[in-house]
Structures are given as structure tokens and as C-alpha cells.
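Hi,

Here is the structure I said I would pass on.

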Amino acid sequence: VESSIPEHMREAWKKFSPKGFTTKDEFESEAVKHIETTLARSLFNCDELAAYSGTALAFRDRLIIDWNKTQQRQSFADQKRLYYLSLEFLMGRALDNAMLNVGLKNVAKDGLADLGFRIEDIIAQEHDAALGNGGLGRLAACFLDSMATLNYAAWGYGLRYRYGIFKQEIQDGYQVEIPDYWLDFNPWEFPRHDVSVDVQFYGWVNKYTNDEGKQIVSWQDGEIVTATAYDVPVPGYGTPTVNNLRLWSSKASSGEFDFAKFNSGEYESAVADEQRAETISAVLYPNDNLERGKELRLKQQYFWCAASLHDIVRRFKKSKRKWSEFSDQVAIQLNDTHPTLAIVELQRILVDMEGLGWDEAWTIVTSTFGYTNHTVLPEALEKWSVPLIQNLLPRHLQIIYEINLQFLQSVEKRFPKDRDLLGRVSIIEESQPKMVRMAYLAIIGSHKVNGVAELHSDLIKTTIFKDFVKVYGPDKFTNVTNGITPRRWLHQANPRLSELIASKIGSYEFLKDLTLLNKLEPFVDDKEFKKEWAEIKYANKVRLAQHIQTTKGYSVNPKALFDIQVKRIHEYKRQQLNIFGVIHRYMAIKSMSPEERKKLVPRVSVFGGKAAPGYWMAKTIIHLINKVGEVVNKDPDVGDLLKVVFLEDYNVSKAEIIVPASDISEHISTAGTEASGTSNMKFVLNGGMIIGTLDGANIEITREIGEQNIFLFGNLSEDVEDLRHHHFYGDYKVNPELVKVFDCIKKGTFGDEGAFGALISGIVEHGDYYLVSDDFNSYCQTQDLIDEAYKDQDAWVTKSITSVARMGFFTSDRCINEYADTIWNIEPLDVAEEKEVRART
Ligand code: GPK
């Protein structure tokens, strides 16, 4: 490896390069050094935040050592790398994860105790890195964890938003959004002021023939914004690999910040230019499963794609290889269509800047990219208006047209009689204004397209991308069922359960090979084991009850059945079905005699999740949940039999408390709408049962854990279309039990009935698109079955253990290995030698 340090001076470097702490005393020494020097605090003013900061800096130092080595090792090995392009990385907290991954959490715990702190309090000081909305962003974070743990040479590329997803407060039952400024103190990022890319916008395209008779295309007179790299270390579990997540931050380019203006007194307009540039990476768009076509969002997408591609190409060019070897060195995965412009940008770099021929370049591009689709919901499929792209990215629009022309010509050759087909598969939608269909561009520019669960991958082939299956054949389309990292979602969130499992199967190896969980099955009848299993669940429920007590100010009974639905609020996810079911239960309780009530299973219904700020119906659902809670929770007829809790500001760190505490969790989307779901996997892995529809990964979870271990209900995906049709054209009647629920709301039982009118009329008058009424009976009956099943605690615990034992398939490690084998064509780096060196020192 090249170095600027002369050979004879390297000894001194080697002698003094830090090794990182391993003992408690070393940890304390590092932490105290950071508190007293880096932070300029002392024994007399070290609060928990300072103790967190010192601890984080001590662990950060450790990670950096491994991180530097990993990057050197990967450069030296010169293997193919994977780049994961995602507009969202929902990382959550880093300290606990770092401590567990390097195997020094106990060292830190004892060290912090010596210094006068409880480790849990210190961990809780950290601000979540919340650069994502929901499942898509958290999936990217789980993938980074697996890629590092499995020793793949893989980088994440994203945006360094100054504001992550907003913080949610509930005021008078309504959601209120608070900005999430999270960068005040972030020890986990490293500004790389020496790594920057100038990104261009607007301007015009100049085409001419040069002296040698060559066609030259130049994009000129645009506005330049600089992308600066901020690197975040991503440690693997029990391995020396620490990968890199590179996040781009925008600022006015130094050429752009107009000193002439500045000096001539136009201070304000000079500052305004600077602020406009910084706006690009200022804020995460808070929409989940929805696209709104805002210009700033398109700017974000291009800014991030261009910076990432130039960085990747720069790295490739250092290797001095031929362009034809590009895709032997580089694989790029597109997390949804948000980074589709990367396809166009690479083609532009190769053709306009590097002088390759169109076809040669296009072959390279299409063998480099893979595209993952995460939804079939039409409102989520990205389209950008042609005039918008024309103005912002004039050269890219030309390239898109050329890609489309060549593609359509090839289709026409193969299907000469099918004129309609050409219109249907065209990247350009012939609307007013014309629109660029990003998913089509992503398909055409990639060599593989995948869905995220079996049903979903089938659906994209038979619905939204059907015509492309005709054009390319079925092999371009594949499935990679989602997974989750068992490190965060079992070991970190539920340490006692992880420890119990390890004690039974002999080691913590299951955290790296989750299929080893199947060794638990022989213990399903072990009385002592079952008792401990149940105790752990109970302790986790007590912990959640305490969280409810401190955040909401009232108590819930941890012996009650905890029924939890936490995820983004969306009509297709059907939190409204859940709350209508709760009202139905409330009405039933009210009409019972005291004797009948005694036979009931007490229940705590927990909701949590954010609504997009502009999604009015989702906000109405939140409002209803809160209003029902206000009435039910103080009704003396009900007491402990039913409590309704809306937990504010659901995020990754709260999920780590909530997920281990569920008896039942709800995954109740209208069949065919939830691409996969990943919290379903988290809940089952923590010993909870599921109530769910035959949708997304619920289907595969059922196949793995067995039908007797899951509570399924509702209509099937294949029947949805007919049912919807029937709502409009048949003699459609709303389910009578649901009508009673609506009457109860309309009577004003939960306050101003007008507030919920739209929720009801959407079902009664406007076609019930999400089939709430069709599934209501089946849902309520299944809830009754759950009550019955819960009464037999012994059988319940058997189900719980059996399910966990069969969850091995749903690790994101399996998922990443599948991507690596079938899409990226990359292999893990061998780190055996590094491990050995480390064991010796
Ligand atoms: C899908 F299209 C989108 C989106 O914009 N945001 C998002 O979080 C989710 N998703 C799906 O809704 C989930 O079913 C899926 O598990 C997750 O992506 C990861 O694939």
C-alpha cells in the first residue's frame, strides 16, 4: 500500500500507533482522559451526559483503530466492493451496539460503576440517529450490521441530514411535530474535509464537434454545490471488520460563495446563496410509502447520487484498471427508486467525461446496478415531471431519452405487432406534463430487480412490472426476503433472553448463525426453562409498564395481555381496524355483568407510530386512539380489563424497549399491501405471538414457525380486487358489528364525533379501499381466540419457545448472503489472520 511516510520512519509510527483498551482500568483511563481533556470537564461537573460522551469517545477510539485497518485491508485485497445507496439509514443509538460488538460491554459497565454511573443511564443519554422514516430505513441499518459482521467489503452511501425524522408529541390527542436537531454532539461521525465532490445543477448543454472530429457534450454554466463526506464507522459483531457509512453534507462551493458580492456589501444575498446550498441536506422528507414530487427532494437525490458515483469512480480509477473491469470491482444496490439517477449519472460520467462509446458504457452500467423494490402502492411509485428534470438536470434528461429510445427500439424489434406495449413500458409517461417513471428506469438500468418477501416479489411480477417480465423474461426478477439483525433485536434489546438461549444451546454462536436457534426445540418441555422464559417476558413487560408510567403518568398491569401495534401510521397498515376492535371490546365490557367481566383476560392495547405531517387521515387515526384511551382508561366499569396507550415518538431506541414486552403484536395490513414488514420478525424473535393477515413476510413466518403458532385472519391477497370491485358495484353492506362501533363514535362517546367523520365515511360511503369492514369479523373472532389461548399459559409459552426456535431464517445475515451470491457476486474478506494477531496481543 502506498504511503507518504518514508520507509525508515515507519518504525516510530508502528511503535506508537494505539492498540485500544481491553481492561476495565484501561477503559476508565481513556474515558476519564476524554472527559477531562476533550470535553474539559472534571470530577466535579461530570453529569450523565458528560459520562456518556467520555464513554462514547473511548469506544470511538477503539472502533477507529479497527476501522482504519479494515479500510487498509479492503484496499489491499482489491476485491469487488458493494455500495448500498439509500436515502435513509435508521441507525438508532450506536454506543450500546459498539460495546456489544467489540465484546466490552461488561468492562464498560464495571468501569462506569467505578466512576459512579449506571451503564443503562449512560446509554440512555444518546440521541437516536434517526435518518429514516420506517421499515426501509431500518432495513438499510440492519444490512450494514450484517455486511460488517459477515466481513463483506461494503459501504453505505447516504445524506447527512441536519434534521432527522421529526419528534412526535401528542397535545390534546393530536400529533405535533418537533424538529429533530441531532448533531449538537455526535461522536460517531468524522468530517472528511479533504473528501468532497462538486455537484452541478441547472445550466445548459453544449454539443459540438472538436478539432479531431469528435462529438463533445458539455454541461455548463450551472450552479455548483459542494458535497463533503462525513464518515460513520459500522462495526461488525465479534469480528475486526468495521465498515464505512459515508454521508454527504451540502455547502456552497468555495468558488460559489461570492466574495465579490460579500465585499461589495451584498452580505445578505451572499449568505442567502450559502444557505440555499446548505438546504439540500437540511432535512429528511418525512413521508413513508408516499412520493410528492418536490424539487428539493429531486435535488437531494441527484446531489447524493452524483457525490457517491464520483467517489466510487475516483476509487476505481486509482486501481488503474480498464473500464471493462468496472463491474468486476463495483456493485451498486439501489434501495428503492430514490437513487435511480445514479444510473444516469454513471452513464454520463462514462460517455461525456471519460469518452467511452454509448454501448460500451451502457453495458458497464447495467452490469453494475441492482434495484430493490419495497412497495406496490401506486402513490409511492416515484415519477418526476419532465420539465422539472429538464430545468434542474438538462443533460440527464437527454440521457434518459436516449436510454428510453434504445430500449423501446429493442422492444419493438422483439414485439413488432404490439404498439400498446411500447406505451406501457416507456420510461416517459405521456401525461400533461410528461413524467419520468423512475421504477422503469431502474429496471432497465439494472441487471437484477428484487422484491422483499415472496408474495411481494410475485406481485411485482404480475402487477406493476408485468410488462417487463414479458420483455426481459422472469429471471431478471427475484426475491430476497427481508431479515433483521439478531444482534440489536435480540442480544441488545433483550439481553436476558439472549443469555438464557446461550445457556441452553451452549454459546452465543446463534447470534452469528441464527439457525442454531433450532437447538432450543428439545427444551420446549423443560419446566425450569419455561419458567425462566416466562419470567423474562414478564420482566420485559414490567419495564415497559414503567416506561408507560414515567411517560404517560398512569399505571398498567404487567400481568395483562400486552397487545402492541407500533409502526408508521398508514391506512394500509390498518391501525383503524385495531382501534375499532378496541372500541368493540370496550362496548362488550360495558354490556357485561360483573360475573362475566371476571372471566375476561385483561388487556393493554399499545399503539405507537408517526404520521406523515401532511397525511390527514393518519393523523385522524392517532387522534381517535388517544381519545378512546382518555375515555376507556378512566372508566370505572373497565378498570384493569382494558387500557389503551398511545406511546409518543416511536423510534428505534423505544422499539428496543417495546418489542421484548409484547404478548401479541399486530401486523394486520390489507393483504397484498405490506411488502414484507420487519417488525413482525422482531416481535416473534423476542417470544411474542402475532395476529396478522396473509401478507408480506407473515406468510413465510407462518411457514417457518407453523400455523398453530400464529393467529391469522382476514381475506387473501388474490380476493382483494374482487372485493373492492364489489364495494362499488355490488349490494355492499358494512359489517353490522362495525356499524355499532361507528354508532358509538357518532354518539360522541369519544368527544367531538365530527372529528372522526372522514374515517367512518371512507368505509361506509367511499368504498372501504382497505377492506376494514370485510376483515372486521374475522379480526374480532381471532382476538377472542387469542384471549382463550392466553389463559393456558403453559401452552402459550410452548408456542413462544417453538416459534423462536424456528426463526433462524429471518436474520439479515441470510438475506445479505443471498444478495451477495445472487446479485452482487461478492465474497467475504478473510479476517482469520487479523483475528489471530489480535488474540495474540
Ligand atoms: C416501503 F415503499 C416503502 C417506503 O417508502 N417506505 C418503507 O418503509 C417498507 N417501505 C415496506 O412498507 C415494508 O413492508 C418493508 O418491510 C420495508 O420497506 C423494508 O423492505
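**What turned up**

Let me start with the charges: the chain has 98 positive and 119 negative ones, and their mean positions lie 1 Å apart. Keep in mind throughout that this is a predicted model.

On overall build, the chain comes to 35 helices and 24 strands. The C-alpha trace spans about 95 × 75 × 60 Å along its principal axes. Its radius of gyration is 28 Å, which agrees with the value near 28 Å that a compact globule of 841 residues would have. Buried residues make up 59% of the 841. Among contacts with a separation of 6 or more, 77% are between residues 24 or more positions apart.

Now the inside. Which residues touch the most other members of the largest nonpolar core? They are Met 147, Phe 201, Trp 248, Ile 501, Trp 533 and Trp 824, out of 174 residues in that core. Helix H10, residues 295-318, gives the most to this core, with eleven residues. There is also a second, separate core of 55 residues, and its members include Ile 170, Leu 561, Phe 607 and Cys 780.

Leaving aside residues up to four places away in sequence, Met 147 touches Leu 82, Tyr 84, Tyr 152, Ala 154, Asn 243, Ile 816 and Trp 824. Trp 824 is itself on the list of residues that touch the most other core members.

Most residues other than glycine have a negative phi, and most peptide bonds are trans.

- Gln 432 to Pro 433 is a cis peptide bond, with omega near -5 degrees. Pro 433 sits in the loop between strand S15 (428-429) and strand S16 (435-437).
- Asn 151 has a positive phi, near 65 degrees. This residue is in the loop between helix H7 (135-149) and strand S4 (154-159). Its relative accessible area is 11%, so Asn 151 counts as buried, the cut-off being under 20%.
- Asp 768 also has a positive phi, near 40 degrees. The loop in question runs between helix H31 (757-764) and helix H32 (772-791). With a relative accessible area of 2%, Asp 768 is buried too.

Cheers

Note on methods:
Residues are numbered from 1 along each chain as its sequence is written. This is a predicted model: local features need pLDDT of at least 70, side-chain atom pairs count only at pLDDT 80 or more; totals for chains, interfaces and linings use all residues. Side-chain values use heavy atoms; hydrogens and water are left out. Helices (H or I, at least four residues) and strands (E, at least two) are DSSP runs, numbered from the N terminus. The radius of gyration is taken over C-alpha atoms; the globule rule is 2.2 Å times the number of residues to the power 0.38. Buried means under 20% relative accessible area, exposed over 50%, partly exposed in between (1.4 Å probe, protein chains only). Contact means heavy atoms within 4.5 Å. Lys and Arg count as positive and Asp and Glu as negative; His and the chain ends are not counted. The place of a charge is taken as NZ of Lys, CZ of Arg, CG of Asp or CD of Glu. A nonpolar core is a set of buried Ala, Val, Leu, Ile, Met, Phe, Trp, Tyr and Cys residues joined through side-chain atoms within 4.5 Å.
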